[in-house]
Amino acid sequence: MGAATKCYKYLRKLLKFEQMDFEFALWQIIFLFVAPQKVYRNFKNRKQTKSQFARDDPAFFVLLTCCYSLSTVGFAIVLGLELVQYIKLLFYMMFVEYLGVGFLIATIFWFITNRYLRIDKTQDVEWGYAFDIHMNAVFPPLIILHILQLFLYNALINNDTFSARFFGNTLWLIAIIYYIYITFLGYASVEILHKTHLILSTLPIILLTYITTLCAGINVSYLVMEFYFYRAI
């Protein structure tokens, strides 16, 4: 089955909610937090049974989209946005941060893995699977930064103190580590790729950046919230 045919079948299923397996998608969401390796075992099974790694059921994509949309309401409340400002922020988060950045990251990884990490030239990494890996990796950071952080922002983060800076920056550190690790697992599970451990080599850089921001008095959470506020107004 060609890429265009797979894409057409996937998009067609977006309009058929009764055919989506939301229960299984919720199972994947839970295990992305506690045991992401189990999620990628399912991808391997799909490759053996359906000759593709990428999801053929858009239920996970629908749930992720709904979480992004609902979390924007939380940002609007915390930032004190009006209706028009909320709509502007929603469009930015959905079409730039979620879809735009997601497509860009998936395309970059798809290109790099097929160009430099592939050892079997008769097969390649599907773009759809690269986007699935991004969706998997972005879900834990979404829960941490778009939901948990909002409940704690005014009480613990929105202050000019070391503890506020430490708490906010640590949330970002945990979220980024989740993203990198789940991304690594996704590409490491593809047998035609090698040197996927290079993805983990970014972790020391992230840790050094985290320490630097604490020492420099930079509250990452506060800066991001300010960025969202000015995007909305």
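User: Which residues form a nonpolar patch on the surface here?

Analyst: Phe103, Leu104, Ile108, Trp110, Phe111, Ile112, Tyr116 and Trp127 do, with about 760 Å² of accessible area together. Patch members have over 30% relative accessible area and no salt bridge, with nonpolar side chains (Val, Leu, Ile, Met, Phe, Trp, Tyr) joined within 5 Å and like charges within 9 Å. A salt bridge means a side-chain nitrogen of Lys or Arg within 4 Å of a carboxyl oxygen of Asp or Glu. Areas are Shrake-Rupley with a 1.4 Å probe, and for residues only the protein chains shown count as cover.

User: What sort of model is it, and how are residues numbered?

Analyst: It's a predicted model, where local features need pLDDT of at least 70 and side-chain atom pairs count only at pLDDT 80 or more, while totals for chains, interfaces and linings use all residues. Residues are numbered from 1 along each chain as its sequence is written, and side-chain values use heavy atoms, leaving out hydrogens and water.

User: Is Tyr116 buried or exposed?

Analyst: Tyr116, which sits in α5, counts as exposed because its relative accessibility is 52%. The cut-offs are under 20% relative accessible area for buried and over 50% for exposed, with partly exposed in between (1.4 Å probe, protein chains only).

User: What about Leu89 and Lys88?

Analyst: Both are in α5. Leu89 is at 0% relative accessibility, so it counts as buried, and its C-alpha is 4.9 Å from that of Ala232, 143 residues away in sequence. Lys88 is partly exposed at 38%, and its C-alpha is 28 Å from that of Leu173, 85 residues along the chain.

User: Switching topic: how do α6 and α7 cross?

Analyst: The axes of α6 (residues 127–157) and α7 (residues 162–188) come within 9 Å and cross at roughly 170°. So α6 is roughly antiparallel to α7. The contact has 23 nonpolar, 6 polar and no charged residues. For the classes, Ala, Val, Leu, Ile, Met, Phe, Trp, Tyr, Cys and Pro are nonpolar, Asp, Glu, Lys and Arg are charged, and the others, Gly among them, are polar.

User: How are those axes and angles defined?

Analyst: Axes are lines fitted to C-alpha atoms, for helices over the stretch in contact, with angles from 0 to 180 degrees between N-to-C directions. Under 35 degrees is roughly parallel, over 145 roughly antiparallel, 65 to 115 roughly perpendicular, and the rest oblique.

User: Where do Phe131 and Phe162 sit?

Analyst: Phe131 is in α6 and Phe162 is in α7. Phe131 is buried at 8%, with its C-alpha 8.0 Å from that of Ile105, 26 residues apart along the chain. Phe162 is partly exposed at 49%, and its C-alpha is 12 Å from that of Ile211, 49 residues apart in sequence.

User: What's phi for Lys195?

Analyst: Near 60°, a positive value in a residue other than glycine. Most residues other than glycine have a negative phi. Lys195 is in the loop between α7 and α8 (203–216), and is partly exposed at 47%.

Note on methods: Helix = DSSP H or I, 4+ residues; strand = E, 2+ residues; numbered from the N terminus.
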